Amino acid sequence: MTTRWLRPVVALAIVGAVLAPPAPALADALPIGQCTTSSGVILAVDFSRWGGPLLRSCGTTPTTGYQLLNQGGWRTTGTQHDGPAFICRIGYAGHQGGTQYPTPGDEKCALTPPASAYWSYWHADPGQNSWVYSQLGAMSYKPRPGSVDLWIFGATDIGGTQGRPTVSPNSVRAQNSRPISATTAPAPAAPTTAAPGVGKPPAAGNPPVVGVPGGGNLPPGVPPTGAPVPVPPGSTPTAPVATAAGTVPPGLPSASPTGTPDGPRILDAAPTRTASRTDSGSALPALITVGLLALLAATGGVVAWRRRRT
């Protein structure tokens, strides 16, 4: 009888282990000067919606856009409905104490945010100075070496024709052909206006997902609505962190290398020494797995004890 009762417990434990998603491997964060025109990938996140700067950092490739957003001090939170794959909040340890935006007061991240206020995902391949709205989610897209990934918050339609970034890829991408140290890192090139239009198609190896009209960070069924969300009146950019010449403390952005006439200031985000912790959305599958495995272990102990007595 005990054996017959034990079999479904084992089966449930196996199912729970399958349901629990494995933790994604973290990408290696690098000093900004280690990214070049042909190696690494620049991650840029625009916090100007909340009066902050555009922070950029360097990560290794090949990797995914999601891993770039969860390394070197960066951290994301998904939604309870969609899990960690839908980027609902983004934060950096060296900006506002690691506060993730939008804050819980603005967005609870329970359901999918509306198309009028969400993080949209953009790419620029090596040598390309116009942004392409991502046709893949952050966990599926693998940026090419020498490219730029950009996240902006606001309103963007499904085709990426509205709410386009106000900064150009060349204003944030790596301009050096060889890795350089922090003491000799040059400022990014003077900003230029991004060319209008949708831009080039996605790079080879990252085909659009058939049947996912939202692409990027828009899940299926979310209609395009609204216009770009402006920076709140009266907001002021965050002052740059004063540092010694050529040195950047772990987790703190350097002094602003450049700015744009109509866009945010651009700061370099130095990688922190500790790995970032990611929010996996719902933890229910993992909790079920742990509980079932504990129950299985306890049952096995009872069976062994009874056998010893008999």
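Which residue forms a salt bridge with aspartate 125? The partner is arginine 144, and the closest N and O atoms of the two are 3.7 Å apart.

## Basis of the analysis

This is a predicted model, in which local features need pLDDT of at least 70 and side-chain atom pairs count only at pLDDT 80 or more, while totals for chains, interfaces and linings use all residues. Residues are numbered from 1 along each chain as its sequence is written, and side-chain values use heavy atoms, with hydrogens and water left out.

## Salt bridges

A salt bridge is defined here as a side-chain nitrogen of Lys or Arg within 4 Å of a carboxyl oxygen of Asp or Glu. The count by this rule is two. Strands and helices are DSSP runs numbered from the N terminus (strands: E, at least two residues; helices: H or I, at least four).

Arginine 56 belongs to strand β3 (residues 54–59) and aspartate 268 to strand β9 (residues 266–268), so the pair ties together parts 212 residues apart in sequence. Both arginine 56 and aspartate 268 are buried (under 20% relative accessible area; exposed is over 50% and partly exposed in between, with a 1.4 Å probe and protein chains only).

In the bridge between aspartate 125 and arginine 144, aspartate 125 lies in the loop between β6 (118–124) and β7 (132–133), and arginine 144 in the loop between β7 and β8 (148–154), so this pair ties together parts 19 residues apart in sequence. Aspartate 125 is buried at a relative accessible area of 9%, whereas arginine 144 is partly exposed at 39%.

## Aromatic pairs

Rings of Phe, Tyr and Trp (its six-membered ring) pair if their centres lie within 6.5 Å; planes under 30 degrees apart count as stacked, over 60 as edge-to-face and the rest as tilted. This rule gives 11 aromatic pairs. Among them, tryptophan 50 and phenylalanine 153 form a tilted pair, 4.9 Å centre to centre with 50° between the planes. Tryptophan 50 is in the loop between β2 (41–46) and β3, and phenylalanine 153 is in strand β8, so the pair ties together parts 103 residues apart in sequence. Tryptophan 50 is partly exposed, with a relative accessible area of 24%, while phenylalanine 153 is buried, with 15%.

Tryptophan 122 and tyrosine 133 form an edge-to-face pair, 5.3 Å centre to centre with 70° between the planes. Tryptophan 122 is buried at 0% relative accessibility, and tyrosine 133 is buried at 2%.
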